[in-house]
Amino acid sequence: MQVDTTNDALRHPTLYKASGDLAISAVDGDVTHLYRVHALILAEHSPVFAGMLTLPAAADASVQTYDGAPVVHLPDNAKEVKTLLEVLYTPVHPIFKKERTFARDVYGLMSIATKYQIDSICAAVSTRLKEQWPFTKVEFIRTREDSHRSWVGPIHGVGRRIPEPASAIRLATDFNIPEVLPAAYYDLATHEIISLYSSQVKSMAPQWDLLLPEELLRYYQGKHQLTRQFVRCVNMFSSYHDDECETVFDDFDYDAGEYSDSSACRQALEKARTSWNDQLHPIETGYISLMRADVMHALVGVYDDRRKHKLCRPCEVDLGARCKSAIEALWNDLPAIFSLKGLPFYALTPRGQH
Ligand SMILES: [Zn+2]
């Protein structure tokens, strides 16, 4: 039977293809949108469509037709249908080039692709998200440092390339991409909810409203733990042993009336420890560094700056090694810090050893 309910329908300018053999209609608000595509393309990518399109011939009187082609009415929002069809016809679709807003913008596409079991699109979304939130330690540190530079550095606009963490958590949680969660929660924890209210950083504020209550709880608990772990930075300096130090004094300290057991290295590290300790007393120094609680950045900073203390070679090597093991420990602790192992879908995935 010929359909005429589509009199007011809008034919899509590029997705209503003259050579198509299948009409698809979907509604957005009050408007019906029409697309005309190739049944073979849909069937090729989606077993659900393939089943739907085991088509009765268009000549069959029971089949609705439009403009000479059979019509399928989809219950999905027309915007999502449009993006889905665009991606099927445009392998390198611009949505995959989005940076800061990728997870948010792709959510509808991921929903409809999951519903129609279009595995190629689901895999592409998952791959892109994992590129944005790397799950090897080295990549994690690199992106953390990039992110930090975007806050403090002179390069205007870098921030737009840093992906937004709350929408990443939403996408990863709803569509089972657990690998990205440690990095995304960590990034979230370096933000303050107060950043909602500051116009200066508003554009960089996470989309808190996307998070469920239990996810906000995970954020608070994780942030609290990370703040406590700033102590790890101080431990870099206070857990020092000078067994191999080449600068141990063997001088008589006339003031103390005894042989000094100190060393130039110990004194240099004591100075550094005092300066870190000051940062742990926020009232005196302003508490921004603590509120942002980017412990990984702090540890990487201690590692990068280890030569500035002018230590002897064995002590410098020792400090570097202790930094590295603290970084390793923090990386390994992230799933526990954010209680991710309690998530029903969270499984320990093999992570990079680098
Ligand atoms: Zn030394």
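Which handedness, left-handed or right-handed, does the crossing of H4 and H7 have?

**Entry 1: the model.** I am reading a predicted model, in which local features need pLDDT of at least 70, side-chain atom pairs count only at pLDDT 80 or more, and totals for chains, interfaces and linings use all residues. Residues are numbered from 1 along each chain as its sequence is written.

**Entry 2: H4 and H7.** I looked up the crossing of H4 and H7 and found it left-handed (the near helix is turned anticlockwise from the far one by less than a right angle). The axes of H4 (residues 102-115) and H7 (residues 165-174) come within 9 Å and cross at roughly 20 degrees. H4 and H7 are therefore roughly parallel (angles under 35 degrees). Contacts (C-beta atoms, placed from the backbone, within 7 Å) involve Ala 103, Arg 104, Tyr 107 and Met 110 of H4 with Ser 167, Ala 168, Arg 170 and Leu 171 of H7.

**Entry 3: H9.** I then turned to H9, where Arg 218, Tyr 219, Gly 222, Lys 223 and Leu 226 are the buried residues (20 or more other C-beta atoms within 10 Å of a residue's own; exposed means 12 or fewer). Seen down the axis of H9, the buried residues fall within an arc of 130 degrees, so they line one face of the helix. They pack against helix H8 (181-189), helix H14 (295-304) and helix H15 (313-337). On the face turned away from the buried side I noted the exposed residues Pro 213, Glu 214, Leu 217, Tyr 220 and Arg 228.

**Entry 4: H14 and H15.** I found the axes of H14 and H15 9 Å apart, at an angle of about 165 degrees. That makes H14 roughly antiparallel to H15 (angles over 145 degrees). The crossing of H14 and H15 is left-handed.

Notes. Helices (H or I, at least four residues) and strands (E, at least two) are DSSP runs, numbered from the N terminus. The arc is that of the directions from the helix axis to the C-beta atoms. Two residues are in contact if their C-beta atoms, placed from the backbone, lie within 7 Å. Axes are lines fitted to C-alpha atoms, for helices over the stretch in contact, and angles run from 0 to 180 degrees between N-to-C directions. Angles under 35 degrees count as roughly parallel, over 145 as roughly antiparallel, 65 to 115 as roughly perpendicular and the rest as oblique.
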